[in-house]
Amino acid sequence: MNTLNASHIQEAAAYINAKISIKPEVGLIMGSGLGILGDYIEEAVVIPYHEIPHFPISTVEGHAGELMIGKLCSRPVVLMRGRFHLYEGYGPDLTAFPVRVMKAIGASKLVVTNAAGGVNTTFNPGDLMLISDHINFQGHNPLVGPNDKELGVRFPDMSQPYSKRLRELARDVALDQGFSLQEGVYIAVLGPSYETPAEIRMMRILGADAVGMSTVSEVIAASHSGIEVLGISCISNMASGILDQPLSHDEVMETTERVKSRFLGLVNGIIPLM
């Protein structure tokens, strides 16, 4: 059940607003190994998560644990260098809390990224996949508990959680840059253990193309808040059972390092046009 409410959101937003002079228009949440985008933010104000009221702390390798506010491609942005996961012991309200705060300080659009395992056997490690939809297989929802009408309606529509307009924009940017994007359904599991081969076969039957341990709580909260969302998965490895090899977080980090220039070019091309 939610333990955070509108007053907690406003306290966090007030703390951040006191340190910045711009109003962010776009929020960005960077997954494992993808926080490199923060190096390109100009006039950046950097706030460690532990300083922000009610923010949890990121504990995962590849997640720096800091909020950055500044300009990216001349666009005012707020960027999370690292996110929070249910497997770290945080509730779904806490994993989604930063999205609420982004909305409170001005963001009306969100780019959410993650490193994901490829369930679709036509994918390859290093592919970038536009998320067209998701399957919440985590057993949790950030909206459980009393609904605050100031934040959104009791039963929010989830028929298009990932903006069709922004996906079309992303495809056009990628083509202009000389490559194409995969597109598919992201399934979120609790973690932190990787999936078994049998679980991956089940997910493929369910219609999933990529699997990860994040993103859905944030996107549900964004939809509840009226934020337009673009989701991008970096296919960091093929999921369990597809290749005859064990899975490791080191492989995830190696793949995101290899594709970072393409990822940076794509996001930098999208931001000015959102």
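Which residues are linked with Glu-66 in a network of salt bridges? Asp-39 and Arg-81 are, together with Glu-66; a salt bridge is a side-chain nitrogen of Lys or Arg within 4 Å of a carboxyl oxygen of Asp or Glu.

This is a predicted model, in which local features need pLDDT of at least 70, side-chain atom pairs count only at pLDDT 80 or more, and totals for chains, interfaces and linings use all residues. Residues are numbered from 1 along each chain as its sequence is written, and side-chain values use heavy atoms, with hydrogens and water left out.

Helices (H or I, at least four residues) and strands (E, at least two) are DSSP runs, numbered from the N terminus. Seven of the seven residues of strand 4 (residues 75–81) are buried, where buried means under 20% relative accessible area, exposed over 50%, and partly exposed in between (1.4 Å probe, protein chains only). In a regular strand the side chains alternate between the two faces of the sheet. Arg-75, Val-77, Leu-79 and Arg-81 are on one side of strand 4, with Pro-76, Val-78 and Met-80 on the other, and both faces are covered.

Two strands pair if DSSP finds at least two bridges between them. Strand 4 pairs in the parallel sense with strand 1 (residues 26–30) over five bridges, and Leu-28 stands opposite Leu-79. With strand 3 (residues 66–72), strand 4 pairs in the antiparallel sense over seven bridges; here Pro-76 is the bridge partner of Lys-71. Strands 3 and 4 form a hairpin with two residues between them, and Cys-73 in the turn has a positive phi of about 55°.

**Salt bridges**

The structure holds seven salt bridges.

| Arg-81 | Glu-66 | 3.1 Å |

Arg-81 is in strand 4 and Glu-66 in strand 3, so their pair ties together parts 15 residues apart in sequence. Both Arg-81 and Glu-66 are buried.

Glu-183 in strand 7 (residues 182–188) and Arg-167 in helix 3 are 16 residues apart. Arg-171 also lies in helix 3, so its pair with Glu-183 in strand 7 ties together parts that are 12 residues apart in sequence. Glu-183 counts as partly exposed because its relative accessibility is 31%, and Arg-171 is partly exposed at 30%.

Why does Arg-167 count as buried? The reason is its relative accessibility of 12%. Arg-167 lies in helix 3 (residues 164–176). Contact means heavy atoms within 4.5 Å; leaving aside neighbours within four places in sequence, Arg-167 is in contact with Leu-130, Ile-131, Ser-132, Tyr-162, Glu-183 and Leu-230.

**Nonpolar cores**

A nonpolar core is a set of buried Ala, Val, Leu, Ile, Met, Phe, Trp, Tyr and Cys residues joined through side-chain atoms within 4.5 Å. The largest has 43 residues, of which Ile-16, Leu-67 and Leu-110 touch the most other members. Helix 2 (residues 92–104) supplies the largest share of this core, six residues. Not counting residues up to four places away in sequence, Ile-16 touches Ile-47, Ile-52, Leu-67, Ile-69, Val-101 and Ile-105. A second, separate core of 31 residues includes Met-68, Val-111, Leu-266 and Ile-270.
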